[in-house]
Amino acid sequence: MKSDSNLEKVLTAGHFAVTGECGPPRSADGKIVREKAKYLKGNVDSVNVTDNQTSVVRLSSLAGSLLLQQEGLEANMQMTCRDRNRIAMQSDILGAYALGIRNLLCLSGDHQKFGDHPEAKNVFDIDSMQLIQTVKMMRDERKLISGQEMEEGTEPRLFIGAAVNPFADPFDFRVYRLAKKADAGVDFVQTQCIYNMAKFKEYMKRAHDMGLTEKVFILAGITPMKSLGMARYMKNYVPGMDVPDLIIDRIKGVEKKGQAKEGIQIAVEQIQEMKEIPGVAGVHIMAIEWEEKVPELVEQAGLLPRPQV
Amino acid sequence: MQYPTNIEIIRVPCTGRVDILHLLKALEDGADGVYVVGCEEGDCHYLTGNLKARKRVEYVKKVLEDLAVEQERVAMYNLSAAQGPRFAEVAREFTDIVKGLGPSPFRKPAAKAA
Amino acid sequence: MIIAERKPIEEILEMVRAFKKILIVGCKGCVTVCNAGGRKEVGILASIIRLAREKDQNPIDITEETLERQCDPEYIEQLADTANDYDAILSMACSVGPQFIGARFPEARVFPALNTEFMGGALEHGVWAEFCQGCGDCKIHLFGGFCPIARCSKSLLNGPCGGSSGGKCEISKDVDCVWHLIVEKLMNDGKLDQLTQVKPIKNWSTSRDGGPRKVVREDLKL
């Protein structure tokens, strides 16, 4: 075991893992995080806590992760490269582990232009690949970037994650990026939410052929569509998102009040299809601002009960 | 060919020769309006001279906007050298527009009072 | 070259609002090439300011000068006879210029008429783009000849990120994703293996992050 995290144990034991996501509030109200935790508890193996997602200031990922842990859930703390330099990052990594956090996701981070503070200074001291390498070095070599060593037993033993987008451009290069992250030391990756199953299967096949499915646990991203409006928005306005027309048509074919249910149904079918794809180690459910649907989704997809390892 | 006597004509071999500074100086020297008459687009003997002139006229229009002055005081017209009557018509047209706008706000006070 | 742009007129007018006699000084270097502060632009700015002040019935006397460059004391010296005759001096060079003028003539009121933006080159007549950020440790040859520090919005050394779409950066479809260009170039050259190793963390201390920099050539010092 690299980290003793619950997620690591579930994956290593060969179970189909389920992770969820929790976006902290744009205020100092920790109660909101605790509320969201209630829908996720018992329904997922661990929960991502986003780090100022889309460059919008929110309660910090470190604090949000701690709040979740206090509610009895395991957190996947996200860390982007946009807002912190290597000094702050390593410091937060040490702090996170000291507070009981066991999973860390290393991300680039959306450019601040998209958020509520577009005039902020841009950090990007290190990139997500280098962050993965850094966390691995801190864990396995007990060393900081500076070379400073930590005594045995005092190093942060985190399970390292990253995000991958099988649909971003250039498509042919995407599997190479997964390979590079694997070489950097990533333990698990979560994909961007998937709707184009054919293209995803192609990606997984290439990953499998390169031996990556042996090295990295790949969790497929699932986001249930709430409405036709949401489906259209994701198709047309979210960069790197591939939503096939047949998904749009399916939701369109149902009257408005039935659309959410259809969205859940589509997600359930997707999860079941994911279970059959070789190399897919689990799913990552992103039901942002729709966390209350996670219990229903997970149950209908036959993912309960979650394994106790 | 009859056209208003208040027009001072400055001839150039091609309107591409007209610079932003020429237009600004005309306004500085007391012109209430400045217009550039070039060949029809596509017919410029020097190929793109009249297109450049149009861009420079647009630049000066933007300057006028920044100074809260009517953009209509500077304009670009395109016609063929053979269109005498149209030339006169443009002269009358532009004169009317500028008359409607009144004296240039850039004129020195003594001149304005006159 | 250094690319700069003239400040908005309102800002410049505000700078000189209280003054009756000013000097506008241009530069024949970079700002002439990017049409921001050369002799012609000095003439245009002087004309615009005079027009604006005429309109406000608060005329202004403007002298126009253009120096070879404003980043060498020997050229700034050419202003010595008259610099203190003006209420203010408007420099149309990159921001180095007004600093040099201010240092040489401490009693003068010096203002920058331009916003200095980046180091770049012309893509076509009238269009300039950023190509260099002055990181002090050039490694473009490791990236197919492209600079990811200056041209990637996130300065990634191991890009592209997930926001690259249609060859464009997530921040704007007017910005090429330089990582897309790097990957394509190396793929075409059959050199994709150059990207398989994780590029190490950058030493930013040679960049502005390390503090204001100096270059000293002992062999050239008198």
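Select chain B and colour the residues by burial: of its 114 residues, 25% count as buried. The model on screen is predicted, with an ipTM of 0.91 and a pTM of 0.91.

**Chain B**

Keep chain B selected and switch to a cartoon view. The chain has 4 helices and 2 strands, and from the N terminus on they follow the order α-β-α-β-α-α. The radius of gyration of chain B is 14 Å, close to the 13 Å that the globule rule gives for 114 residues, so chain B is as compact as a globular protein of that length. Turn the view along the principal axes, where the C-alpha trace of chain B spans about 45 × 30 × 20 Å. Contacts can be sorted by their distance along the sequence: among those in chain B between residues at least 6 apart, 70% join residues at least 24 apart.

Next, select B:Arg17, in the segment before α1 (20-28) of chain B. Is B:Arg17 buried, partly exposed or exposed? B:Arg17 has 14 other C-beta atoms within 10 Å, which makes this residue partly exposed, since a residue must have 20 or more to be buried and 12 or fewer to be exposed.

**Chain A**

The C-alpha trace of chain A spans about 60 × 45 × 40 Å along its principal axes. Colour chain A by burial as well: 51% of its 309 residues count as buried. Of the contacts in chain A with a separation of 6 or more, 80% are between residues 24 or more positions apart.

Now go to the inside of the model. Which residues touch the most other members of the largest nonpolar core? They are A:Leu104, A:Cys106 and A:Val189, in a core of 89 residues. A second, separate core has 60 residues, including B:Val57, C:Ile62, C:Ile89 and C:Met92. Go back to A:Val189 and show what surrounds this residue. Leaving aside residues up to four places away in sequence, A:Val189 touches A:Gly161, A:Ala162, A:Ala163, A:Val164, A:Leu178, A:Lys181, A:Val216, A:Ile218 and A:Leu219.

Two backbone details in chain A are worth a stop.

- Select A:Arg142, in the loop between α5 (128-141) and β5 (159-164) of chain A. The phi of A:Arg142 is positive, near 60 degrees, in a residue other than glycine. A:Arg142 is partly exposed, with 17 other C-beta atoms within 10 Å.
- Select A:Leu304 and A:Pro305, which are joined by a cis peptide bond with omega near 0 degrees. A:Pro305 lies in the segment after α12 (294-300) of chain A.

**Chain C**

Show chain C and colour by confidence: the average pLDDT is 96, and 100% of the residues score at least 70. The domain assignment gives domain 1 (2-117) and domain 2 (133-210). Give each domain of chain C its own colour; their centres, taken over C-alpha atoms, are 37 Å apart.

Chain C also has two backbone details to look at.

- Select C:Gln57, in the loop between α3 (39-55) and β3 (61-67) of chain C. C:Gln57 is not a glycine, yet its phi is positive at about 55 degrees. With 10 other C-beta atoms within 10 Å, C:Gln57 is exposed.
- Select C:Gly159 and C:Pro160, where the peptide bond is cis and omega is about 0 degrees. C:Pro160 is in the loop between α6 (148-151) and β8 (168-169) of chain C.

**Where the chains meet**

Which chains share the most contacts? Of the 2 pairs of chains in contact, the answer is chains A and C. Select that interface: 21 residues of chain C are in contact with 24 residues of chain A. On the side of chain C that touches chain A, the residues divide into 8 nonpolar, 11 polar and 2 charged. Chains A and B, by contrast, do not touch, and their nearest C-alpha atoms are 25 Å apart.

Methods. Residues are numbered from 1 along each chain as its sequence is written. Chains are lettered from A and ligands numbered from 1 in the order in which they are written. This is a predicted model: local features need pLDDT of at least 70, side-chain atom pairs count only at pLDDT 80 or more; totals for chains, interfaces and linings use all residues. pLDDT is the predictor's confidence in each residue, from 0 to 100. Two residues are in contact if their C-beta atoms, placed from the backbone, lie within 7 Å. Ala, Val, Leu, Ile, Met, Phe, Trp, Tyr, Cys and Pro count as nonpolar, Asp, Glu, Lys and Arg as charged, and the others, Gly among them, as polar. A nonpolar core is a set of buried Ala, Val, Leu, Ile, Met, Phe, Trp, Tyr and Cys residues joined through C-beta atoms within 7 Å. Domain bounds come from an automatic or database domain assignment. The radius of gyration is taken over C-alpha atoms; the globule rule is 2.2 Å times the number of residues to the power 0.38.
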